[in-house]
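Here are a few exercises to work through with the model open beside you. Try each one yourself before reading the solution.

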Amino acid sequence: MLIRPTELEAIRRGDIDLGYRLWDRPRLLVGTKMRTRVGLVEVTSVDQVEPDSITDLDAVRAGAASRVDLFARLGDRPGRAIYRVGLRYAGADPRVALREVADLTGEERADLLDRLARFDKAAPRGPWTGATLEIINRRPEVRAPDLAAELGYETVVFKRNVRKLKELGLTESLSVGYRLSPRGRALTGLS
């Protein structure tokens, strides 16, 4: 579910707690926590609704100026139902705190190295984690397509791999490119 940056800020403040989408079927489950640039946004409800049941207040709760504005934003897609999605800010992205943890215990280090070894073993083209961490360290703030080309990967594959490292708290995304997190530098010994 794409949410505009201004709406994300309003969700964090508590000013928006609904979203409306035209779907052929529900696309989210209650309890889903989406990672966004402002932190986690949790889905609290997903209900199919009739257009006539949507009030101006509902539209404002979804970040629109009015019902008319909300329907203009939704557009017209025949065959799609309107779903009302309850939303709430659920806190900071846990990866942000994780990437700052640079004082690794022996067990944490072993677990991370085991995870990287499993990524490497499962990769169709062979090991990639070491080379990816090294190039991000050597070339921070460089566009993903440039890093991918240097390693001989398609950009989409490279980005997928970096997301796996980010899940472990080893890298962080910048406005352009990436860099190793303190946790990533501690694990690899790169600085």
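**Exercise 1.** Which residues on the other side of H5 are exposed?

*Solution.* Keep in mind that this is a predicted model. Start by finding the helix: H5 covers residues 106–122, 17 residues in total. From its first C-alpha to its last it reaches 24 Å, close to the 24 Å expected at 1.5 Å a residue. Next, pick out the buried positions, which are Leu112, Leu116, Phe119 and Asp120. Look down the axis of H5 and these buried residues fall within an arc of 100°, so they line one face of the helix. Now turn to the other side of H5, and there you have the exposed set: Gly106, Glu107, Lys121 and Ala122.

**Exercise 2.** Find out what the buried residues of H5 pack against.

*Solution.* Follow the side chains of those buried residues and you run into helix H6 (129–138), helix H8 (155–167) and helix H9 (182–188). Two of these partners, H6 and H8, come back in the next exercise, where they pack with each other.

**Exercise 3.** Work out how H6 and H8 are oriented to each other, and what their contact is made of.

*Solution.* First, the geometry: the axes of H6 and H8 lie 11 Å apart, at an angle of about 90°. Angles of 65 to 115 degrees count as roughly perpendicular, so that is the label for H6 and H8. Then list who takes part: H6 brings Thr129, Thr132, Leu133, Ile135 and Ile136, while H8 brings Phe158, Val162 and Leu165. Finally, sort them by class, and the contact of H6 with H8 comes out as 6 nonpolar, 2 polar and no charged.

**Exercise 4.** Do the analysis again for H7 and H8.

*Solution.* Helix H7 runs over residues 144–151, and its axis is 9 Å from that of H8, at an angle of about 100°. H7 and H8 are therefore roughly perpendicular to each other. On the H7 side the contact uses Ala144, Pro145, Leu147, Ala148 and Leu151, and on the H8 side Thr155, Phe158 and Lys159. The class count for H7 with H8 is 6 nonpolar, 1 polar and 1 charged.

**Exercise 5.** Describe the surroundings of Leu104.

*Solution.* Leu104 sits in the loop between helix H4 (94–99) and H5. With a relative accessible area of 11%, Leu104 is buried. Leave aside its neighbours within four places in sequence, and Leu104 has contacts with Arg109, Leu112, Arg183, Ala186 and Leu187. Of these, Leu112 is one of the buried residues of H5. As for distance, Leu104 and Lys121 are 17 residues apart in sequence, with their C-alpha atoms 24 Å apart.

How values were computed. Residues are numbered from 1 along each chain as its sequence is written. This is a predicted model: local features need pLDDT of at least 70, side-chain atom pairs count only at pLDDT 80 or more; totals for chains, interfaces and linings use all residues. Side-chain values use heavy atoms; hydrogens and water are left out. Helices (H or I, at least four residues) and strands (E, at least two) are DSSP runs, numbered from the N terminus. The expected span of a helix is 1.5 Å times one less than its number of residues. Buried means under 20% relative accessible area, exposed over 50%, partly exposed in between (1.4 Å probe, protein chains only). The arc is that of the directions from the helix axis to the C-beta atoms. Contact means heavy atoms within 4.5 Å. Axes are lines fitted to C-alpha atoms, for helices over the stretch in contact, and angles run from 0 to 180 degrees between N-to-C directions. Angles under 35 degrees count as roughly parallel, over 145 as roughly antiparallel, 65 to 115 as roughly perpendicular and the rest as oblique. Ala, Val, Leu, Ile, Met, Phe, Trp, Tyr, Cys and Pro count as nonpolar, Asp, Glu, Lys and Arg as charged, and the others, Gly among them, as polar.
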